[in-house]
Amino acid sequence: MTLDIFLTNSLGGKKEKFIPLDKKSVGMYVCGPTVYDDPHIGNARPLVVFDILFRILKNTYGDESVNYIRNITDVDDKIIKAAQEKNISINKLTTKITENFHDDCKYLNCETPSNEPRATENIDLMINMINNLIEKGYAYSQNNHVYFEVKKFNDYGNLSNKKLDELIAGSRVEVSELKKNPEDFVLWKPSNEDEPSWDSPWGNGRPGWHLECSVMSKRYLGSEFDIHGGGRDLIFPHHENEIAQSRCANQTNSFAKYWVHNGFITMSNEKMAKSQGNILRIRDFKKNNNGQVLRLALISAHYRQSLDWNDKLISDCEKTLDKWYFAYTKPDQLVSIPNEILSPLWDDLNTPGYIANLHELFNKASNGSDEDKKLFVSACNFIGLLNQSKDEWLTIKRKKIALTENEINSKIKQRNDARDQKNYDLADKIRNELLDNGILIEDKDGKTTWKLK
């Protein structure tokens with residue numbers, strides 16, 4: 001029997017049973033990166049969270065029935081500023097950062113979305129939507145700018161569960177004499193000569209950030225679709241504005257049926273952000289950490305809760321994977337996973353509950369049958385873990401030690417010879433030397449084995 005999926009819907013703030021608009025065409029849109037700087041750990045969390053949701057949806061409805069869209073924002077004020085500061089072309093910057101982003105996705109073992117549209121490939125459609133909003137009376141042009149008139153949309157604030165006055169008071173509103181009202185947001189603005197620009201009925205310019213996602217989601221998923229995801233910081237104003245312009249342009253009663261938002265990553269309980277100066281980029285971990293360590297760390301807390309990032313978290317996740325890998329035998333085939341094992345994931349992506357199930361499966365597989373081991377590895381693979389061989393897992397860890405495998409085995413032989421000769425001082429000295437080099441040895445059933453501590 002297929003499990004029912006439950007998700008906490010930010011639109012209403014309740015956990016709801018997921019019922020797709022069409023089981024044969026399930027649509028999910030997730031806000032992707034603005035490619036002006038390399039992704040950081042805060043950006044990594046939605047990558048992994050929605051990658052797991054993508055796997056759950058495919059498992060339930062079939063690979064061909066799920067359409068996962070994650071955009072690339074490659075035109076934005078932040079991009080223009082970053083290119084100027086680096087003294088390189090915008091195209092060179094966005095190309096490089098996009099490549100780095102894709103490398104980071106691979107490092108974290110995230111599956112490729114169904115489509116990954118870029119904002120600059122959809123400018124004509126953005127101009128069409130702006131024209132549509134102006135014709136319907138929801139937007140107005142002023143001195144080569146176009147603004148959406150927020151007061152024309154009665155449901156503004158429903159996603160945030162706040163009234164308009166509260167939203168304005170709690171956010172930084174762009175001040176402009178061109179606006180009718182302070183809360184109105186830009187759909188189109190003029191560009192300077194050295195900035196990216198496209199011809200439009202309002203002069204050369206570029207689209208507003210909020211408009212891009214409305215257009216790209218409609219192109220690939222239609223006017224109404226199932227799931228819209230992103231970080232909690234996007235609820236206002238980005239997602240609130242998406243809903244307003246999309247529903248008004250498309251004349252629909254809804255936009256996305258389910259809104260799913262992940263919590264922040266913090267450091268010492270401070271939100272990770274460039275303004276806080278506490279950014280850790282994904283690339284900073286690649287030299288000394290396997291991507292699976294970060295992946296496990298990112299799902300160690302429930303996606304809706306804040307996750308405090310620290311060295312102990314990384315160390316604990318690495319130790320867990322070490323333990324799993326040293327009992328790991330790659331099966332000749334994967335096996336189906338019982339519903340009772342999968343059920344936490346179907347219940348609002350309860351990854352901590354699923355990880356607890358993995359620990360139980362590991363304990364059973366450690367001294368169990370080949371079928372037990374196949375089930376354990378299959379369950380790990382389902383959330384993107386143990387996807388590499390043991391040798392691949394050890395590659396990065398071996399870089400941290402000065403000894404080769406032959407040297408380790410030679411020292412273990414020397415230690416065992418010393419024990420046979422009852423030279424326990426020398427045996428202890430060799431054990432400690434290995435320990436200082438990150439090698440932990442264990443004597444069991446007349447054999448000595450080693451692993452990286």
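Visitor: Is Glu-149 buried or exposed, and what is its relative accessible area?

Guide: Buried means under 20% relative accessible area, exposed over 50%, and partly exposed in between (1.4 Å probe, protein chains only); Glu-149 has 11% and is therefore buried. This is a predicted model, in which local features need pLDDT of at least 70 and side-chain atom pairs count only at pLDDT 80 or more, while totals for chains, interfaces and linings use all residues. Residues are numbered from 1 along each chain as its sequence is written, and side-chain values use heavy atoms, with hydrogens and water left out.

Visitor: Where does Glu-149 lie, and which residues is Glu-149 in contact with, leaving aside neighbours within four places in sequence?

Guide: Helices (H or I, at least four residues) and strands (E, at least two) are DSSP runs numbered from the N terminus, and Glu-149 sits in the loop joining strand 6 (145–148) to helix 5 (164–169). Contact means heavy atoms within 4.5 Å; with those neighbours set aside, Glu-149 touches Tyr-138, Ala-139, Tyr-140, Lys-180, Asn-181 and Asp-184.

Visitor: What do burial and contacts come to for the protein as a whole?

Guide: Of its 453 residues, 51% count as buried, and among contacts between residues at least 6 apart in sequence, 75% join residues at least 24 apart. The secondary structure comprises 15 helices and 15 strands, and the C-alpha trace spans about 90 × 55 × 35 Å along its principal axes.

Visitor: How many positive and negative charges are there, and how far apart are their mean positions?

Guide: Lys and Arg count as positive and Asp and Glu as negative, without His or the chain ends, each charge being placed at NZ of Lys, CZ of Arg, CG of Asp or CD of Glu. The mean positions of the 62 positive and 66 negative charges are 4 Å apart.
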